[in-house]
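These are my notebook entries on one model. I set out to look up its helix packing and its salt bridges.

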Amino acid sequence: MNAQELRDKTPDQLREQLTELKKEQFNLRFQAATGQLENPARMKTVRRNAARVMTILNEKAASAADAE
């Protein structure tokens, strides 16, 4: 997922995607704690994707506030 794809989405879609990423991050942490994690690099990817979604949401919120 890249930033341009995220910028094309609505804030509701971004919030939904953020929720899914947070759930996946929780599951990965749980797997890591129990020793069942197969791909440790996925944790880093999910964390960065969640940060990317939050950044785009904040940009959209700031641009909406400036428009008013």
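Which residue does Arg7 form a salt bridge with, and how far apart are the closest N and O atoms? I found that Arg7 pairs with Glu59, the closest N and O atoms being 3.3 Å apart. I took a salt bridge to be a side-chain nitrogen of Lys or Arg within 4 Å of a carboxyl oxygen of Asp or Glu.

I record that this is a predicted model, in which local features need pLDDT of at least 70 and side-chain atom pairs count only at pLDDT 80 or more, while totals for chains, interfaces and linings use all residues. Residues are numbered from 1 along each chain as its sequence is written, and side-chain values use heavy atoms, with hydrogens and water left out.

**Entry 1: salt bridges**

I counted three salt bridges by this rule. Arg7 lies in helix 1 (residues 3-7) and Glu59 in helix 3, so this pair ties together parts that are 52 residues apart in sequence. I took helices as DSSP runs (H or I, at least four residues), numbered from the N terminus. Arg7 is partly exposed at 38% relative accessibility, and Glu59 is partly exposed at 36%. Here buried means under 20% relative accessible area, exposed over 50%, and partly exposed in between (1.4 Å probe, protein chains only).

I next looked up Arg15, which forms a salt bridge with Asp12, the closest N and O atoms being 2.9 Å apart. Both lie in helix 2, three residues apart, about one turn of the helix. Arg15 is partly exposed at 45%, whereas Asp12 is exposed at 58%.

I then noted that the side chains of Arg42 and Glu24 meet in a salt bridge (2.8 Å, N to O). Arg42 lies in helix 3 and Glu24 in helix 2, so the pair ties together parts that are 18 residues apart in sequence. Arg42 is partly exposed at 30%, and Glu24 is partly exposed at 26%.

**Entry 2: helix packing**

How do helix 2 and helix 3 pack, and at what angle? I read an angle of about 155 degrees between helix 2 (residues 11-34) and helix 3 (residues 41-67), with their axes 9 Å apart. That makes helix 2 roughly antiparallel to helix 3, a term used for angles over 145 degrees. The axes are lines fitted to C-alpha atoms over the stretch in contact, and angles run from 0 to 180 degrees between N-to-C directions.

I list among the contacting residues Leu14, Leu18 and Glu24 in helix 2, and Arg42, Val46 and Val53 in helix 3. Contact means heavy atoms within 4.5 Å.

Conventions. Helices (H or I, at least four residues) and strands (E, at least two) are DSSP runs, numbered from the N terminus. Angles under 35 degrees count as roughly parallel, over 145 as roughly antiparallel, 65 to 115 as roughly perpendicular and the rest as oblique.
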